[in-house]
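Student: Could you go through this structure with me, one question at a time?

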Amino acid sequence: MTENNLLSLIIFAPLAGAVINWLIGGKLKNELFSSVVACGTVAISTIVAFYIAFVAGGGAFHAEKPVLDHLWTWIQVGGFRADFGLGMDRLSAVYACFVTFVGFLIHVFATGYMHGDKGFYRFFAFLNLFMFSMLTLVLADNFLLMFVGWEGVGLCSYLLIGYYIKKDEAREAAKKAFVMNRIGDWGVLIGVFLIFTMTGSISFYDKVVGGETVPSALDAIAKMAADPFTAGVIFAGGITSAAVLLFIGATGKSAQIPLFTWLPDAMAGPTPVSALIHAATMVTAGVYMVVRCNGIYQNAPTAMFIVAIIGCATAVFAATIGLAQNDIKKVLAYSTVSQLGYMFLACGIGAFVAAIFHVMTHAFFKALLFLGSGSVIHGMHHEQDMRRMGNLRKHMPVTFWTMVTGWLAICGVPIFAGFFSKDEILYRTFATKASASVATLGGVPVNMVLWGVGLATAVLTAVYMTRLMWMTFFGAERFHEELHEVEAYASVHADDDHAAHGDDDDEEEHHHALPADFKPHESPWNMTVPLMVLAVLSTLGGLVGIPYALSGGAVDNYFEHALEPVIVKKVEHSETKEVKHFLASEPKTEAVSEPSKAAEHTEHDPAELATERTLAVVSVILALAGIGIGIAMFGKTPLRKMPKILEDKWRIDEFYNGYIVDPLTNLSRDFLWKGFDLGVVDGLVNGVGALVAALGGTVRRIQVGFVRSYAAFILCGALVVIGYFVYYGLKLIR
Amino acid sequence: MDFITENLLTILILLPAFGAIALVGHQMFWKQEGQLKWITFGLTLVNFLISLLLFTGETTSPGGFMFEKNIPWIKAINTNYHIGVDGLSFWLVILTTFIMPISVVSTWHAVEKRQTAFYAFLLLLESAMIGVFVSLDLLVFYLFFEASLVPMFFLIGVWGGENRIYSAVKFFIFTAFGSLLMLVAIIALYYMYAGVNGGVGSFDFVAILNAMKSGNLLIAGQGASLLFWAFAIAFSIKVPLFPVHTWLPDAHTDAPTAGSVILAAVLLKMGTYGLMRFNFALFPDQSREFAYIFIVLAIVGIIYGALVAMVQPDVKRLVAYSSVAHMGFVILGMFSFTETGMQGALYQMLNHGVSTGALFLLVGFIYERRHTRQITDFGGIANVMPLYATIFVITTMSSIGLPLLNGFVGEFLIMVGMWKSTVLGITGSTNWNYIATMLAGTGVIFAAVYMLWMVQRVFFGKLTNPKNKTLKDLSWREIGLILPLMILMVYMGVHPAPFLKRSRESVVAIQERVVHQTGGTYERAEKKPAELEHR
């Protein structure tokens, strides 16, 4: 067990930054001061994270054992123990490094984006607080501290979505995000209870604290026999129940069906927030948790199945909505939901490392796309509707070219980062040779269906991203064009503005009329430099995970091998055949159980290599086809009308409001409060009261004449009683 | 100094009472109403400082009483002035003395009429509340319990809001009804004890408890159930447990700020404290037998309170209903009969005192400015009162149980305790304890809904109501009031160990008393990893 006290610096540096910015920054109101504090503290985190991950003692990313840092024992009651302790193993090393690094870039970007905002210091205090929470989440060494970060990022997300407090949609979105996350958190909490009762611990790692041995809950469950693949085990209170409960939390945090609707609304926050929280880091926390608990999931084939189905369904569902949105950030938001779906698909089929790989590349290219869109919005004076853009490549060349790399990355064009990670997931889905659920879909293996849907989603992704690029950067300039629909909307809002006239207009307002001599402008250096860095990462970042088959045998998948120890190698039990098949996509599973095959794998089965290469070619063709379709459809007519139901996002929000929120509110108001509380209970009591009053009426009439007020009367009485007490008391004490 | 530590609890009780008399005297001779609040504040502050001497106490036996005093009082009925403090009451006494100066200062500009009586009542209330927590004689306990009603009745009825008379009477009828039942039970216990003690009855809680423990005094069957319910109803109304909670929203809404703060922070705890101290200890078998009723009502209260809170148009009423939900959690933890759950319940009592007390203070601040609490009268307040908004949001987060703030620790321990408990039993493959915990857990979701919805409507958005444009942010006095509570919220959330440590032995003693006949525990042993390999 390695100790490194520097670990706590990673989380506490941003916390200190948040406090300083809040207390001192609020007084100074100096943008330079706030920027230096915010970016500086995150820079410290970044340096320390990389130092511990790669340098100190050989680096946590290469070490066998996690680096631990015990701070204090947080809660210890009756056999339950939760430490405030941090740990960095290979998985959290990956997360800590990309979170701090991408976070740092976004902080720098935000210093330009938020320039001139009245709440500059407040914004950076929240952003730093977010970094603290997120890093606590990934570096926690037990479930409960992870939950601290988990709720903490939810809070920061709430605060930052609602940052423009005057905007109604912002405050609505903030609350919605928090509540939906809370629904998920319920699952995490109950899941943690279950894990605790199953293992007597909530720690991630085996450790010794103050002479006391704390065993790892994850290892304990990994050693148990796997649950069978049936629906019944979901409610049996065993491993599968725990896994499903945790996954409920993941659907909330990572915006999966059915709890995904908050994420698109969350775009009401400032764009750097969307990039940092709602694309690169926080929303991938669900993936982190599932991978962290892979030992639990591997023992719960039913839960794995659910994860795969939900992930895949979300991927395609969100992609269809993304096709029809006109707000540039909304498109990217649905794209994020869709990409998160891919990650869960990977988890569900047992390709945990591929999921993390996609988390990382996605963090690069999606942060890039969001920041790029932020740069566009900044240049367009806070116009977000793509119908009023066009031909921006002339005006914002840096933004354009960096966005192009992001676009190619997400579409899955080779060399760019997204290609390797997405292709890895699709290949793994395909290569899952047999799964327990094959029979359930009338002879068609489920993994083939998942793979097919995954491919379709890849095409859709290319189409909507191409649409976004063309609407924004190509075609005619539409800044001053009259858009019937848009104008109608704008005029409604103009009235609002008028009503609030006299308020300071420091905050972002939608759909204000652009002046006639308006020209979009390129953004300042502190916004374009982060874009360029991310563009490089989006281009080359995928190379760390280049698989053997595609590198022509030059390198074996470095990323995969590095993260291998994090994934529990399930020793097969004879009675759990289903699991074995279901997990067959994980070659290392077999490597342990059947040593003879292990050799084959290291030498790479030529047949498998051929398949992998063929599938990669298919992916590329489909990605290019998607781009082609996109250009064909939207190249000439960027404003092509999309199906109404897609524009309306399949009316999911209306469904939730109409069938859950409103009935519950009405029930509470009309039945519980007015009906039961005021009607039944109070009615009863008041009846009795009236009776008593009627009886006492005569007595009262006499009293009122004599005593000026009840208060004086009873005060005297109380004093008499007290005096009596005291008199006797003193006599007794003597 | 020796005199003080020797008679510490007595001083804590009597100092405010003498203070009340002094106030009246002061008013008679000097007629300087302006000085009254200073005197009252000084007295309560001194009382708080004195109460800190409790930390010097040491118990002679694990879970035993400190600063115990047992002096014969009315020999004819063998009533003793028997007081003492243990882990169960320790923090509640300090919570009381701590919250008093704060609530006094909260009235600085709010009370204009009859200041003498107002402050005298506040001081009398403090005496009564401390008395409740330290009494070890049932009759003395009863007297303090009743005595706490009177000042609160007038605080609501005289200095309250629009419906003050109705609310005050309702408050009085509900609680007095319960405590009358309790009085009957206390007298019954007196005679039962006399039956086994050679005709000499006693109200002494410790004596009766020891007689029960040693098997001399056996109360069983219907009689025991009746006695149990007599106590339990009195305390349940005080908590308040669903469905006898309806006095609370009215009392809170109409009480002056100081009254609401004290009501939420301390008075409600008398109910949960009483259940734990008297019902659990005196009637362990009945406590187990009827636990399911309390658990069901607690869960209904958690969900019901949250749902009704959601649709309240009045901020204060909303917070009041949230109290119903929070106190439901406390009941749930207590009746899990596990160390984790009961410790969590005790901790949650303190948390609720701090965060809900703070919420009522904050609502009071805005009421003093605008003389309205209707949510629709506000909107966009954060634009003119940023500091107030910040503090309100932090308090909200504490109330809805955000980790690293106090509320989370309590709720979490309660739910872990309930989860591990076997009190509800397991039928077939259905573990009812799990179901109870999962249902209670939904309260955590609803809490976020109603609190954030309110915060959103009051603080965010555009400032639409012109009357709100000139609102001033918090004054130094108000910051000073709320700051100690904020510090506690963070400290209790980050480092609960010192609190839990002090109460542990007493809580365990009570827990063991309750489960003494069930093979020792309701706590399911956690399986050790080694045993699990061949599940």
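Predicted model: local features only at pLDDT ≥ 70, side-chain atom pairs only at ≥ 80, totals over all residues.

Student: How much area do chain B and chain A bury between them?
Tutor: The size of an interface is often given as the accessible area lost when the parts come together. Here buried area is the accessible area (1.4 Å probe) that two parts lose on being put together, summed over both. Of the area between chain B and chain A, 75% is on carbon and sulfur atoms, and the total is about 7,400 Å².

Student: How many salt bridges are there between chain B and chain A?
Tutor: A salt bridge is a side-chain nitrogen of Lys or Arg within 4 Å of a carboxyl oxygen of Asp or Glu. Over all chains the count comes to 21 salt bridges, but between chain B and chain A it is 0.

Student: Is B:Arg477 buried or partly exposed?
Tutor: The side chain of B:Arg477 meets that of B:Glu368 in a salt bridge (3.7 Å, N to O). Buried means under 20% relative accessible area, exposed over 50%, and partly exposed in between (1.4 Å probe, protein chains only). Because its relative accessibility is 19%, B:Arg477 counts as buried.

Notes:
Residues numbered from 1 in each chain as written. Chains lettered and ligands numbered in written order. Heavy atoms only, no water.
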